[in-house]
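Please load the coordinates in a viewer and keep the sequence panel open beside them.

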Amino acid sequence: MTAIKHALQRDIFTPNDERLLSIVNVCKAGKKKRNCFLCATVTTERPVQVNVVKVKKSDKGDFYKRQTAWALRDLAVVDAKDAVKENPEFDLHFDKVYKWVASSTVEKNTFISCIWKLNQRYLRKKIDFINVSSQLLEESVPSGENQSVAGGDEEAVDEYQELNAREEQDIEIMMEGCEYAISNAEAFAEKLSRELQVLDGANIQSIMASEKQVNILMKLLDEALKEVDQIELKLSSYEEMLQSVKEQMDQISESNHLIHLSNTNNVKLLSEIEFLVNHMDLAKGHIKALQEGDLTSSRGIEACTNAADALLQCMNVALRPGHDMLHAVKQQQQRFSDLREQFARRLASHLNSVFVQQGHDQSSTLAQHSVELTLPNHHPFHRDLLRYAKLMEWLKNTDYGKYEGLTKNYMDYLSRLYEREIKDFFEVAKIKMTGTTREGKKFATLPRKESAVKQETESLHGSSGKLTGSTSSLNKLSVQSSGNRRSQSSSLLDMGNMSASDLDVADRTKFDKIFEQVLSELEPLCLAEQDFISKFFKLQQHQSISGTTANEAEEMDGGVLVRSYTSGVPQTISSEKDMIRQMMTKIFRCIEPELNNLIALGDKIDSFNSLYMLVKMSHHVWTAQNVDPASFLSTTLGNVLVTVKRNFDKCISNQMKQMDEVKISKKSKVGILPFVAEFEEFAALAESIFKNAERRGDLDKAYIKLIRAVFVSVEKVANESQKTPRDVVMMENFHHIFATLSRLKISCLEAEKKEAKQKYTDHLQSYVIYSLGQPLEKLNHFFEGVEARVAQGIREEEVSYQLAFNKQELRKVIKEYPGKEVKKGLDNLYKKVDKHLCEEENLLQVVWHSMQDEFIRQYKHFEGLIARCYPGSGITMEFTIQDILDYCSSIAQSH
């Protein structure tokens, strides 16, 4: 190992200015044994750097190479695995854990000991040596900058120390005096020994010569001891003399301490008295204000408020330990309690009288609002009561029982007042909607028959089933001609069950305006009352209520408010935000039922009113939720919105049901079906109502349901029609639907618009082909035979040689269809088409033009067959294409 150490020092570390101090032969634990060396080195230059270097033998030769180096300052833990048993394994914790197995336990221990010494000398850092025998770790390190670590380190250092100039000079002189030292080392050593003996003898003589001086020194020491004894005697006499003075000074010090303690106690007593006087003394003016203060004037209310605050401060003062045992303090506290109870009782009584008076005085103002759709303004009452807001807060903090009683009384009186006002307000709204008095007398409205008036009276102005307000008339409708349908519309108007186009627009506008005014009046009323309750009763959101009362549970309309208290302090209670909402629910408990009744009335007057109500109510709910999503107004309007949406869905469902139940007449042509025209009117009205509305999605869903129901019902009616061909019913109605959707441009119905156009086109083509049929029947049968022969394999130019299809037979068939007969047949066809189509949709000319094109197509087909199968025969039809155009034009003009 020594040879390897010197080889490594020479080949690897000396070129890098490093000294090798310790070496251990290791291999990695758990892997195939590939030996390498771990070396502990230090640099020769300052500052000294200590490293642990991994050196391994090169694969290409016998020389060693430096593989990895770690700074000793990065070493955190040295784990020797076992401090008792011999174990060659050990771990070094650098940036990660390196596990090694040494070739012998001795080498491992020597290397770990060297690491510990280097750490102590150069780093002085905390490296944890675990599972290491204490014998390997030296307990102390020699001090001094020039001292070595120990053992092998010192030898390593001495091995490389240089001689200084003086030592070099002395050795040269000695070598010059003993030139034979090199050749005879024993003689040189003997000479040095003799000289050393001479020096020792000289030292002994020098010591013996100094004995006299030692005796003199001892004599001086004896004299000094005598002087010390004399000084101690004097000090003892001085101490005895001062003992009496010390006793007197102790007495004086004790007296001063007692005087100081007495002064301190007096100062503390004065401070306590001043504290009690300053914090528990209520001014006479405040006492008078609490006992006799005027609670009706602004000045008196302010004085009472200041006095109440002062009283609360006196009662809530934080007494120091022992104050509550003083008789005067107890008397003052009892006096304050009596004042608080007396003033709280007087304040509660006054506010209760104010609440009662408000209920009676406000009722006198209802008459002026009975004919106008407005609600009374409570702002003056709120303004007067807000002067007591601070006193209410004081009452809440000092006597919660009376505060809660005032809260309950306010809700009781104000709920009755608001109930009268709101019911009268809604009664006026209903009168304005229906045009009737409270006794049922009608004002001037649309002219209607007596039966309609009776029906309206019995059913509260109509049922809500029909597409535009009623089911009775639609069930009686039959599919008739356009003239009959117009007469039906007139009868519907007389019956009071008007379609969307016939219903008086002014009535719907009036309803929309009234409903909007109702909501616009209710919103500020509720918001003003909620703001007042929050300010007057000091109810802020997200806070807890504190006060004094007994255990109780009070059930309110719209919710249960549970309060539980022990020893005068509430333990659990709803948040003040919930309490505001519950108070509002108690006070305005009639708003939601009245709104629902008004909505039901509007829906029975005309189910289309649900569209107006859905838009208006959605807007007001959206506005209320933006202000406070959990407020009473937002919750109430949200509940009512559910009812409005339910009515809207019911309206759509009834329309779909009536489409399914529609019956058609067997004696008249169908024309445009009533529910198709009514869908157009519904869509036009809905688009005007829902423009920029928040609930546009609800309308789009209704559109999808309605249009699909219309499609199905048109198919059903067309299949059941006996007077009018199926294709005509489909063609006319889907043309009308397509025109309606194109005009209104409803984005959610683009697919249905394309479908309607496709159905219209398909059934137009089907009707044209079916109605036109084969106007040249015999000629058509002849050429069908020709085409059959060609299909059997006979060449077209050889068909004329067939006996049944020769030129003579062809000429005979052509002569049966002169121009006069063709025109007569087209004229009859025109009359037939005119009889099938209705005037409302005005599709006669479109159909006639399509039939003209189809007839010309057949004519060209015949001419083509003649040219191919009878070439050079000179056979032609009795009439030309121009003749066909002239016939069709003259027939259309004549009719």
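Is Glu752 buried or exposed? Select this residue to begin, bearing in mind that the model is predicted. Glu752 has a relative accessible area of 9%, and because the limit for a buried residue is under 20%, Glu752 counts as buried.

**Stop 1**

Glu752 belongs to helix 24 (residues 750–772) and Arg708 to helix 22 (residues 696–720); the pair links distant parts of the chain, 44 residues apart. Arg708 is partly exposed, at a relative accessible area of 33%.

Next, select Arg726 and Glu715. These two residues form a salt bridge whose closest N and O atoms are 3.0 Å apart. Because Arg726 lies in helix 23 and Glu715 in helix 22, the pair ties together parts that are 11 residues apart in sequence. Arg726 is partly exposed, with 34% relative accessibility, and Glu715 is likewise partly exposed, with 21%.

Remain in helix 22 and select Asp698, which is located there. Asp698 is buried, its relative accessible area being 12%. Which residues does Asp698 touch, leaving aside those up to four places away in sequence? Display Leu614, Lys645 and Phe648 to see these contacts.

**Stop 2: helix 21 against helix 23**

Two packed helices are described by the angle between their axes and the distance between the axes. Select helix 21 (residues 674–689) and helix 23 (residues 726–744): their axes are 10 Å apart, and the packing angle is about 5 degrees. The two helices are therefore roughly parallel to each other.

Now show the side chains at this contact. Helix 21 contributes Val676, Ala677, Phe679, Glu680, Ala683 and Ala684. Across from them, helix 23 contributes Asn733, His736, Ile737, Thr740, Leu741, Arg743 and Leu744. By class, the contact of helix 21 with helix 23 comprises 8 nonpolar, 3 polar and 2 charged residues.

**Stop 3: further salt bridges**

How many salt bridges does a search of the whole structure find? The total is 29. Side chains of opposite charge can pair when their charged atoms come close.

For another example, select Arg795 and Glu798, which form a salt bridge with the closest N and O atoms 3.9 Å apart. Glu798 is partly exposed, at a relative accessible area of 35%. Then select Glu341, Arg345, Asp399 and Lys402: salt bridges that share partners join these residues into one network.

**Stop 4**

Move to the open sheet, whose 8 strands follow the order 4-3-2-1-7-6-5-8 with mixed pairing. Its edge strands are strand 4 (64–71) and strand 8 (128–130), each of which pairs on one side only. On average, neighbouring strands of this sheet are turned by 30 degrees against each other, direction ignored.

**Stop 5: strand 1 and its partners**

Select strand 1, in which 10 of the 11 residues are buried, so that this strand is largely enclosed by the rest of the structure. Strand 1 and strand 2 are paired in the antiparallel sense over 8 bridges; Ser22 stands opposite Ala40 in strand 2.

Opposite Val26 stands Ala102, Cys27 has Val101 as its bridge partner, and Lys28 faces Trp100.

**Stop 6: strand 6 and strand 7**

Finally, select strand 6 together with strand 7. A hairpin joins them through 3 residues, and 5 bridges connect the two antiparallel strands. Phe90 has Trp100 in strand 7 as its bridge partner.

In a regular strand the side chains alternate between the two faces of the sheet. Which residues make up the covered face of strand 7? They are Tyr98, Trp100 and Ala102, whereas Val97, Lys99 and Val101 form the uncovered face.

Note on methods
Residues numbered from 1 in each chain as written. Predicted model: local features only at pLDDT ≥ 70, side-chain atom pairs only at ≥ 80, totals over all residues. Heavy atoms only, no water. Axes fitted to C-alpha atoms, helices over the stretch in contact; angles between N-to-C directions. Helix = DSSP H or I, 4+ residues; strand = E, 2+ residues; numbered from the N terminus. Parallel < 35°, antiparallel > 145°, perpendicular 65-115°, else oblique. Contact = heavy atoms within 4.5 Å. Nonpolar A, V, L, I, M, F, W, Y, C, P; charged D, E, K, R; others polar. Pairing = 2+ DSSP bridges. Salt bridge = Lys/Arg side-chain N within 4 Å of Asp/Glu carboxyl O. Buried < 20%, exposed > 50% of the residue type's maximum accessible area, 1.4 Å probe, protein only.
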